[in-house]
Amino acid sequence: MPLFLDILRSETAASPERRQAALTGLAAYQAAARAPRPEGAPVVARAGAAALRDYGGAGVPVMFVPSLINPPFILDLAPERSLLRWLRARGVRVLLVDWGTPAPGADDIDHHVAAQLVPLIAALDRPPVLVGYCLGGTMAAAAACLAPVAGLATLATPWHFSRFGDVARGRIAALWAAAQAPCRQLGLVPMEVLQTGFWQLDPARTIAKYEQFGTLPPNSAAARDFVALEDWANAGAPLSFGAGRQLFEDFYAADRPGRGAWTIGGRAIAPQALTCPTLDIVSTTDRIVPAASAAGLGAQLAVEAGHVGMVVGRRARETLWQPLADWLNQIIRAR
């Protein structure tokens with residue numbers, strides 16, 4: 001809240017009316033009724049803190065790998081905003097990695113890939129197609145270099161971190177410089193640290209969305225969608241300190257994936273060399289993961305939507321869900 005108020009003061013310094021409108025929207029969001037979350041799919045495998053949830057179906061498994069940042073339910077946000085349930089209704093065997101809550105300590109992203117994601121892949125009866133979202137796509141690409149998979153699709157996934165640009169990387173570096181010491185003591189990187197970085201990427205939008213929400217009828221579909229999405233964006237387990245350190249230092253600062261310098265257990269992480277089918281889906285208006293940072297794998301699809309809107313927005317079914325389903329069905333039929 002202190003950071004939000006600092007951004008609010010800065011963005012509305014010349015407009016008390018806008019400041020009041022944003023505060024009205026914030027109060028309305030806090031007081032809004034919440035729809036119950038869809039019941040989570042059953043767990044069919046575990047590896048450390050991570051669990052694999054099975055949405056049902058038969059045939060070639062399609063394993064969705066969400067980011068470590070924010071909860072995995074962005075892919076199953078609401079009955080009418082669930083990519084996973086929509087695919088399952090069309091005959092796809094859908095599974096979701098749930099990273100759970102990490103223990104404090106040095107377990108880094110490499111550990112999450114090698115000791116959690118790879119064992120979950122091995123628990124299946126056949127090699128899956130991996131579909132990774134955001135940092136989950138970076139990790140899915142790494143897992144595909146370490147374990148047999150039937151295909152790999154990445155959604156809004158960063159790979160060339162140097163292409164975030166000097167301004168964004170400078171802000172991220174400053175954030176980590178300020179947060180590193182207390183995070184090391186905690187053994188964790190709290191979600192509030194990561195949320196700070198997201199807000200600083202586009203402070204004007206952070207305020208404007210609450211201004212707009214305050215004008216919506218409380219029971220409207222748009223208001224319900226906003227509350228569901230903001231609850232997701234403001235939630236999430238912390239990162240282990242090791243994962244946070246690797247993200248900030250090895251990825252954002254050193255760009256080890258983009259430079260071809262990322263190895264896990266002595267094995268090079270080079271998804272461009274994969275022989276399985278690959279699909280790289282980018283958002284052309286993404287303020288969190290710029291399209292230029294994508295790995296550029298195999299088949300490519302550009303979506304004119306934001307980082308989150310591409311997955312749960314009102315046009316997501318036609319612009320992302322259906323093209324992804326078509327690509328998955330090509331693999332499924334071939335096997």
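I take a pocket to be an open set of points on a 1 Å grid over the protein atoms alone, with protein on both sides within 12 Å along at least five of seven lines; lining residues have an atom within 4 Å of a point. Grid points are joined across faces, edges and corners, and a volume is the space filled by probe spheres set on the points.

Ground rules: this is a predicted model, where local features need pLDDT of at least 70, side-chain atom pairs count only at pLDDT 80 or more, and totals for chains, interfaces and linings use all residues. Residues are numbered from 1 along each chain as its sequence is written, and side-chain values use heavy atoms, with hydrogens and water left out.

**Second largest pocket.** I looked this one up before the others. I get about 510 Å³ of space here. Its lining has 24 residues, and Ala33, Arg34, Ala35, Arg224 and Val227 lie nearest the centre. Helix 9 supplies the largest share of that lining, 6 residues (helices are DSSP runs of H or I, at least four residues, numbered from the N terminus). I count 16 nonpolar, 2 polar and 6 charged lining residues; Ala, Val, Leu, Ile, Met, Phe, Trp, Tyr, Cys and Pro are nonpolar, Asp, Glu, Lys and Arg charged, and the others, Gly among them, polar.

**Largest pocket.** This one holds about 1,300 Å³. Of its 47 lining residues, Arg205, Leu229, Glu230, Val308 and Gly309 are the closest to the centre. Helix 9 again turns up, giving the most to this lining with 8 residues. The lining splits into 24 nonpolar, 12 polar and 11 charged.

**Helix 8 against helix 9.** Next I checked what helix 9 packs on. Helix 8 (203-213) and helix 9 (221-233) pack at about 145°, axes 11 Å apart; axes are lines fitted to C-alpha atoms over the stretch in contact, and angles run from 0 to 180 degrees between N-to-C directions. Lys209, Tyr210 and Phe213 of helix 8 meet Ala223, Phe226, Val227 and Glu230 of helix 9 (contact means heavy atoms within 4.5 Å). That contact has 5 nonpolar, no polar and 2 charged residues.

**Largest cavity.** What volume does the largest cavity have? I read about 240 Å³, a cavity being a set of points where a 1.4 Å probe fits but cannot get out. Of the 18 residues lining this cavity, Ile69, Ile172, Phe198, Leu247 and Tyr252 are the closest to its centre. Helix 7 gives the most to the lining, with 5 residues. By class, I note 17 nonpolar, 1 polar and no charged residues.

Notes
Helix = DSSP H or I, 4+ residues; strand = E, 2+ residues; numbered from the N terminus.
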